[in-house]
Each structure stands twice: as structure tokens, then as C-alpha cells.
Amino acid sequence: MAERISGSLRGVDQLFQETAARSLDGTNPADLLALMSYRSGAFPEVRTVFLIGTDGRVKLSTLASMVGVDLRNRPYFEAATKAPFHAGLIVAPPTVSPITGRLGLVVARPIISPVGTFAGVVAAALNPEFFSETLSGVVEGEIDRAVITNLDGDVLARLPDPGRHMGSSIRSGPLFTQHLPKARTGTFIAPSIFDGMERLASYQVLERHPIVISVGITTRAALRRWTINTLIMGGAGLLFSALLLAATILLERRERERHRAEAALKASEESYRILVNDQDDLIHRYAPDTTLLTVNRAYARFYGEQPDQLIGRKWIAFIPEEERPFILSCLQSLNHVQPYREDHRRVVMPDGQERWIEWRTTALYDTLDNLTGYQTVGRDVTDSHRAQQAISEREELYSQSFHRNPAIKLLIDPKTGAITDANDSAALFYGYPVEVLKRMQISDINIATPEEIEREMAAVEHEGRKFLRFRHRLSSGDIRDVEVYTSPLHVGGRAYLSSIVVDVSDRNRFEAELQARTAELARSNAELEQFAYVASHDLRQPLRMVSSYVTLMERRLGDRLDDTSREFIGYTVSGVKRMDALIKGLLDYSRVGRGSEDFTDVNLEDTVTTACANLGLDDGGGGEASVTVESPLPTLPGIPSELARLFQNLIGNAVKYRHPDRRPEIRIGARREGPDWVIAVEDNGMGIGPEHFERIFGMFQRLHGEGEYEGTGIGLAICRKIVTTHHGRIWVESEEGRGCRFLVALPACREAPTPSASQGLPASQSLPIPQSLPIPQGLPIPQGLPIPQGLPIH
């Protein structure tokens with residue numbers, strides 16, 4: 001009976017272990033439910049298999065109506081959550097099911113996560129008649145009582161009267177109070193707590209499961225045989241003939257009993273053979289030299305043979321030769337004191353497939369204590385072995401990703417603020433050993449107030465915040481600025497914060513220094529730009545005065561001036577006008593970005609039309625030059641007047657620097673490139689050499705003499721500044737003699753604030769201040785020129 005119950009419960013426990021391993025692996029719930037249904041179909045005694053979460057509610061069940069039911073007050077769930085956790089099956093007392101309303105038996109196993117925490121329960125509801133049916137083949141003849149209980153004394157089945165005593169307790173009886181505490185198997189005489197009759201009872205506790213089995217007969221039935229013998233021998237003293245008669249009757253009775261015992265033994269052996277053959281375990285008996293005497297169908301099927309073909313062969317021949325000495329030494333080590341051995345071995349099947357088998361071997365002795373052979377029961381535990389191997393690999397992965405990680409890592413309990421784990425990098429950074437850190441609170445290293453720490457951790461746990469800034473104290477007393485990247489974890493129903501700590505003290509110091517330098521540079525640029533604006537504005541007045549008085553002097557002297565004097569005066573007036581043009585250009589440059597206009601949507605086609613009108617050109621091609629616009633041009637955010645001036649300068653340059661052999665033709669188009677619009681202004685003029693591509697955008701940079709083309713050399717510098725204030729780029733593509741193509745990239749949408757005069761230019765575009773104004777080359781300097789007296793000084 002113990003063998004049969006143990007075999008069934010082992011199969012159920014194997015189902016539990018596989019379900020627990022798959023649930024920890026994150027198997028899809030639908031796949032896990034399909035596995036539970038498929039595997040439970042092999043056990044007729046199993047009604048329902050269900051998976052309970054850490055909150056006590058059913059997550060998955062082969063009976064759909066159970067999903068969501070709260071079972072946290074059930075004895076088996078409470079037993080599973082108690083520390084230390086149960087290592088095996090839990091057999092609960094019979095109770096009424098909250099779903100079906102019927103009396104049922106529940107067996108369960110806790111699910112333990114790789115880090116040793118409680119992760120739920122997998123359980124099964126068994127057919128209540130399962131244990132009663134097991135007892136039905138035992139209560140016969142003189143055996144009139146059999147009972148199955150769990151280790152707490154709760155009756156799972158009893159015969160006779162099955163069901164009458166189911167759920168009652170015999171914990172106060174002599175079996176649990178006197179005998180079980182001493183030995184897990186034995187025989188005793190005591191009155192029954194059910195009917196008060198004195199019985200001779202034997203009991204046994206299953207090796208791997210919390211089940212107690214007991215059978216008994218009344219002492220009157222047990223002693224009946226010896227009472228009859230006593231009466232016969234007493235009568236023999238009175239009559240010799242009666243003695244002979246009694247002896248004859250006794251011999252005849254013994255013969256009948258012998259035949260009955262032999263028949264019972266044969267029936268028992270046949271029942272055993274049928275029971276063994278139906279087991280999924282690999283069961284075989286063999287002689288001391290490993291010759292097989294009996295095998296069940298599962299053992300023969302495992303090796304791909306028929307049972308009759310294996311009888312008489314030595315099973316040691318199935319083992320690789322290098323493993324045989326060790327296995328034989330294990331068999332020889334069994335004796336009367338230690339007749340049992342259990343081990344796990346890898347077995348290579350005939351098809352080359354590897355399986356892991358749990359072998360349980362028992363040495364068998366006859367009545368004279370002579371070794372008659374061995375019996376070995378094997379169970380395929382490949383799936384559980386692989387599951388355990390996967391758990392070990394996950395534990396190693398956790399160790400490598402956490403403890404051996406070069407990043408500073410802490411695991412914190414948000415409710416208590418306790419540091420529950422830390423890696424070696426954290427110990428090196430804070431200056432405390434890991435074991436010391438694991439006994440500390442986060443407030444021991446964080447200089448913020450406890451209220452602030454608690455508030456920030458709550459924000460991470462409930463609001464999903466991932467990033468925190470704190471100041472942490474090291475063991476040396478130094479205070480370091482840190483950034484903490486954290487995320488909540490839930491293991492075994494408890495919440496933790498997994499945190500990566502980054503020391504940003506040096507970075508913060510560098511950023512502060514950079515901000516200070518940037519502010520100083522912006523202030524310096526703003527002062528320089530203001531200086532350029534004021535200087536260029538105020539310098540024009542003296543120049544106008546010089547030009548006016550030189551012209552006045554020419555009129556007053558009249559005919560008294562000779563040709564040389566008039567030439568000198570002409571040089572003077574021309575130089576003043578040239579300098580005034582330069583200063584005006586500088587003033588125009590400094591005014592870019594300082595106007596009162598705000599950014600608005602600007603239609604570039606209208607802007608090009610305005611620029612052409614300002615230059616006296618049209619876009620039809622009938623004037624001095626032809627301007628062709630490849631529509632449509634985009635509408636962009638910008639300052640209308642400055643964008644008009646940009647296109648006016650680019651188109652004006654194309655007209656000014658025309659090729660002497662052809663009429664100017666200017667084409668304007670646009671294309672989208674990512675977040676920018678690239679506008680191209682292309683001409684057929686004289687072109688520019690590659691060595692001058694960057695130079696032409698500088699202030700007062702001219703590629704031709706003053707006599708060849710008018711201008712100050714500041715137009716393209718103004719274009720670059722306009723494009724810069726619009727957060728764009730400008731560059732040129734050209735080949736000498738074949739025209740130029742100026743390209744302007746402007747953002748399609750506004751993302752940054754418009755620079756103002758107070759902000760100045762970017763650091764890379766600081767306003768250049770010329771060291772000296774250019775002086776026309778070759779101008780003769782007159783000697784002894786009279787200076788007019790009495791002119792007003794303004």
C-alpha cells in the first residue's frame with residue numbers, strides 16, 4: 001500500500017515541480033495551462049490542478065471557475081508561506097471545496113524563486129476515494145482496520161466505514177503520542193480511539209511524503225490461533241486419544257493454512273507483479289552478480305527491449321565500462337545496517353539520448369540474513385534536473401550581473417530603507433565591506449533628510465520615476481554628488497529598489513566651470529557687439545564733417561587751386577566715402593539680429609520677389625538679369641526683413657560678379673533634408689576658387705581690387721550672420737569660370753529662442769573687430785598741405 005501511494009504521489013509531485021519551474025521561467029500562461037491539463041490527465045486520482053500567486057489568489061487552473069478565488073486562508077497555503085519553506089509536498093486535511101461544495105483532498109508544493117523567496121503555490125485537488133480505494137485491497141481476512149493520515153493526524157481514509165471518519169483527527173491517539181515520535185515504522189498494541197477495541201497495529205511513514213499508513217487486527221483474532229493450541233494441549237493431558245485427535249486436527253488445519261498461505265502468497269505476488277508492471281518507474285530485481293530476475297514494462301521499454309528478453313541478462317552490461325567499478329562498489333557497500341542507497345546518474349539510451357535517472361536501490365536478505373539480491377527503482381528526473389540546472393544558471397547570471405558588475409549597485413527595501421544587497425563596486429566606492437553595507441540603512445550614506453529620502457523612494461515605487469540626484473557620504477567623510485538610476489522589483493510579494501549609483505562630482509564641477517566660462521564669453525561677445533555698433537554709428541559723424549569741410553574748402557579756394565590740389569581733394573573725399581561705406585557695412589553687420597521684429601512664418605517666394613524688386617530685377621528674365629524660381633519654395637520661421645536682405649545680397653552678388661561673356665542667369669530652388677530646408681541660389685557667373693570658399697564669408701574680404709568692383713567685402717559676412725541667427729548654415733560650391741551655388745540650410749520649424757542683442761553671437765561666431773580700417777593703396781600723401789583755420793569743431 002505504501003509503494004502504491006508513494007508512486008502516485010511521486011508522479012503528482014513531479015507534475016508540481018515541472019509546473020513550478022515553468023512558472024519561474026516566465027512561460028506563457030496559456031502554454032503553462034495546457035501543460036498542466038496534459039500532464040494531469042495521466043493521473044486519474046487528480047481532479048484539478050491550480051497555481052496560486054503570492055497574494056493567495058488562483059492565477060491558473062484546469063477548472064476555469066477557480067481562477068481569481070482567494071485561498072490564502074487555506075491550511076496548505078498558510079503552511080507553504082511559513083518560514084522556513086516546506087521542501088516537499090503538503091497534504092492538507094480534507095475540507096469542503098469553496099467551488100464545488102464537495103469534500104476534497106488537496107496536496108500542494110510551494111514555489112521557491114532562485115533567490116530563495118516564496119513565489120506561490122502549485123496544488124491539486126484529489127479524488128476523496130483515492131485513498132479509500134487503496135485500502136480496499138487490504139482490509140480482508142483477520143485485518144479489520146486500516147487508516148491513512150497526514151503527519152498532523154488528520155484522517156484521509158479509513159476502513160471500514162469509508163467516509164464516516166474522513167477529516168477527523170487521531171493526533172491524540174497512541175500512534176501519534178507514543179510511537180511516531182520514536183520511530184517512523186513499527187508495531188504496537190493499543191485500544192482504538194474509534195471503537196475502543198484493543199488491536200495489534202503496524203504503521204509506516206512514507207519516505208518522501210507526509211503520509212502515515214496503519215493496519216491492525218484485534219488482539220482476540222491475533223491470539224485465536226494460540227488459544228486453540230492451548231485448549232488442545234490441555235485436553236491431551238486428559239485423554240491421549242483426544243491428543244492424537246487434536247494433533248491430527250491441528251496438522252490438518254496447518255496444512256490447510258499452509259495451502260491458504262501459499263495461495264495468498266501467489267495472489268500477493270501476482271498483485272505485486274501487476275502493480276509493478278503498471279508503474280512508470282523503472283523497477284527491476286537482480287541477483288548479486290546483477291543478473292536480472294524481474295523487470296517491469298517501463299524498465300524494458302526504457303532500453304527498447306521486451307521484458308522476457310532482459311531476464312537472465314546482466315544489467316551492468318548496459319552501463320559504460322568506465323562507470324562499472326564505481327557502481328559495483330556502491331552495491332557492495334550496502335549491508336544490514338544501511339541496506340538502502342539513492343543516487344542520480346546520467347544514462348545514455350540506445351538511441352544516444354541522454355536522460356537523468358534517480359535510482360533507489362535496496363539490498364534483499366532471506367530469513368538467515370543471506371544476501372539474495374537487490375531491487376532498484378528508477379525515476380526519470382531529466383526535466384527536474386534541467387529545471388534545477390536552469391535555476392543554477394540563473395543564480396550564476398544574477399551573481400555576475402549584480403555582484404561582479406563594475407557599476408555601483410545597491411538593492412534597497414523601500415519600506416525600511418535597509419540596504420539588502422550591495423556589490424563589490426559599491427563596497428569600493430563607499431569604503432565599507434559588503435557585509436557592513438548590508439547591515440546599513442540608506443540614510444547612513446545619504447545626507448538628505450529621512451523624509452526626503454522616503455518621498456523620493458515612494459516616487460520611484462509608485463510614480464515610475466527612474467532618475468534621482470543625491471549627495472552621499474563615504475566612509476572617509478567625503479561628500480560626493482551622485483545620480484541614482486533606479487527601478488522597482490517585486491520578489492516573493494516584497495518590493496525592492498534596484499539602484500545603479502553614478503559618481504558625478506567631477507562632472508558637476510566641470511559643468512559649473514563651463515557654465516561660468518560660457519556666461520563670461522556671452523557677456524564679452526555682447527560687449528564687443530555693442531562696441532562695434534556704437535563705434536560704427538558714432539564714427540560716421542566725424543567722417544561726414546571731414547567730407548563737408550574738404551568740399552567747402554574746395555569751393556572757397558575756387559580757381560586758386562591747381563590740378564594737383566584738386567586731385568588731392570578728390571582723393572580725400574573718395575577715401576572718406578570709402579571709409580563711410582566700410583563703417584556703414586560694419587553698422588549693418590552689427591544690426592543683424594538686434595531688430596525689434598519677432599520670428600514669424602515667412603514665405604520664401606514672397607521674400608525672393610521682394611529682394612528682386614529692391615535690386616530692380618524681375619523674375620521673368622526680360623531685365624538686366626534673369627531670376628528663375630523653382631516653385632514651390634517653403635514657408636519657414638524667420639525674420640522677414642533679414643531673410644529678404646539675405647537673398648538680396650546673394651542675388652546682388654550673382655549680378656555683380658557676372659561672367660563678361662554671358663548674361664546673368666540666377667536659379668533659386670529648395671529641397672528638404674531631414675529637419676532642414678536647403679535653399680540653393682545658383683548663378684552662371686565667374687565662379688570662385690576652392691581656396692577662397694571660407695575666406696569670402698569673412699568681414700572686409702575682397703577677391704578683386706577696389707577699382708574692379710564696388711563694395712566693402714562685408715555682404716557675405718552679413719549673410720552668414722543672418723543665417724546663424726536663424727540657426728542655420730551657409731556654404732558655397734563653385735568652380736572658376738562656371739558659376740557659383742550658394743546653399744543655405746534653415747530649420748523647417750523653430751526649436752530655439754531667437755538670439756537678441758544682449759545674448760550676443762555664439763562662441764564660434766564672435767564678432768571680429770578689425771585692427772585697422774583699410775587704406776587705399778597707391779594714394780599719394782601731399783606734403784605741406786595747409787590746414788584750414790577757424791573751422792567749427794563739432
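Which residues touch the most other members of the largest nonpolar core? In this predicted model, they are Ile 651, Ile 668 and Phe 742. The core holds 38 residues.

Several elements build this core. Those giving two or more residues are the helices α17 (604–615), α18 (640–656) and α19 (715–725), together with the strands β25 (665–673), β26 (676–683), β27 (729–734) and β28 (740–747). Helix α18 gives the largest share, seven residues.

Now look at Phe 742. Leave aside its neighbours within four places in sequence. Phe 742 is then in contact with Leu 650, Ile 679, Ala 680, Val 681, Ile 688, Ile 696, Phe 697, Leu 716, Trp 731 and Val 732. A second core is separate and has 35 residues, among them Leu 15, Leu 89, Phe 130 and Met 166.

Next, the sheet. Five strands line up in the order β23-β25-β26-β28-β27. The sheet is open, and its pairing is mixed. β23 (626–629) and β27 stand at the edges. Each has a single partner strand, so one side of each lacks a neighbour in the sheet. On average, neighbouring strands are turned by 20 degrees against each other, direction ignored.

β25 and β26 run antiparallel, and eight bridges join them. Arg 672 stands opposite Trp 677 in β26.

Finally, turn to helix α12 (residues 424–430), where Ser 425 lies. Is Ser 425 buried or exposed? Its relative accessibility is 16%. Buried means under 20%, so Ser 425 counts as buried. Not counting residues up to four places away in sequence, Ser 425 touches Asn 405, Pro 406, Ala 407 and Ile 408.

Methods
Residues numbered from 1 in each chain as written. Predicted model: local features only at pLDDT ≥ 70, side-chain atom pairs only at ≥ 80, totals over all residues. Heavy atoms only, no water. Core = buried A, V, L, I, M, F, W, Y, C linked by side-chain atoms within 4.5 Å. Buried < 20%, exposed > 50% of the residue type's maximum accessible area, 1.4 Å probe, protein only. Helix = DSSP H or I, 4+ residues; strand = E, 2+ residues; numbered from the N terminus. Contact = heavy atoms within 4.5 Å. Pairing = 2+ DSSP bridges. Axes fitted to C-alpha atoms, helices over the stretch in contact; angles between N-to-C directions.
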